Amino acid sequence: MEKFNRTLRGYDPEEVNAFLDNVINQVENMINEMKEKDQKIIELQACANENRMLKEKLAHYERIEESLNKTIIMAQQTSEQVKMAAHKDSETILEDAKNNANRIVNEALLRAEKTDEEAALLKRNIKIFKKRIRDIIETQLEVVGEMDTIEL
């Protein structure tokens, strides 16, 4: 607390005015400091809001990244499964093709064997047929020869 000197009509006006000027300056400084602090608080709140929004965005992007990673892993697994299924199918198709080729070759061999047997049977039949015709011709020649011997 400040003490003022007394004068004829009370306190010394210059001291009181100086004191009031000092008080006014201090109050103005305090008001300015309060305004600056309020401005800093507003700026900090804006930063905090921006920070919160950035954290939310970051969390959103992290969820997207996690989802994309899961999707990539799932795609890789699906790709591996498709490859394995395709490989298995190709092996099955190849095995079926080999079996069909073996069956076709065996059928062709059986047909060839049957054709050979039919050709051999035809050769025998032709031989038999030639022999019978020869026998018939010889018999006819004998008949003709006997006709020469018989006089009419």
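Predicted model: local features only at pLDDT ≥ 70, side-chain atom pairs only at ≥ 80, totals over all residues.
Residues are numbered from 1 along each chain as its sequence is written, and side-chain values use heavy atoms, with hydrogens and water left out.

**Stop 1: the helix**

Select residues 13–149 to bring up helix H1. Helices here are DSSP runs of H or I with at least four residues, numbered from the N terminus.

**Stop 2: the salt bridges**

Side chains of opposite charge can pair when their charged atoms come close. Searching the whole structure gives 4 salt bridges, each being a side-chain nitrogen of Lys or Arg within 4 Å of a carboxyl oxygen of Asp or Glu. We will visit some of them.

Start with Arg52 and Glu56: their closest N and O atoms are 3.2 Å apart, in a salt bridge. Both residues belong to helix H1 and sit 4 residues apart, about one turn of the helix. Arg52 is partly exposed because its relative accessibility is 41%; the terms used here are buried for under 20% relative accessible area, exposed for over 50%, and partly exposed in between (1.4 Å probe, protein chains only). Glu56, at 45%, is also partly exposed.

Next, select Glu66 and Lys70, whose side chains form a salt bridge of 3.4 Å, N to O. About one helical turn separates Lys70 from Glu66, because they are 4 residues apart in helix H1. Lys70 has 53% relative accessibility, so this residue counts as exposed, whereas Glu66 is partly exposed at 45%.

Now move to Glu80 and Lys83. Their salt bridge has its closest N and O atoms 3.7 Å apart, and the two are 3 residues apart in helix H1, so about one helical turn lies between them. Glu80 is partly exposed at 43%, while Lys83 is exposed at 52%.

**Stop 3: the nonpolar patch**

Finally, select Phe129, Ile133, Ile137 and Leu141. Together these residues make a nonpolar patch on the surface, with about 390 Å² of accessible area, calculated by the Shrake-Rupley method with a 1.4 Å probe, where for residues only the protein chains shown count as cover. Patches take residues with over 30% relative accessible area and no salt bridge, joining like charges within 9 Å and nonpolar side chains (Val, Leu, Ile, Met, Phe, Trp, Tyr) within 5 Å.

Zoom in on Ile137, which is in helix H1. Ile137 counts as partly exposed because its relative accessibility is 46%.
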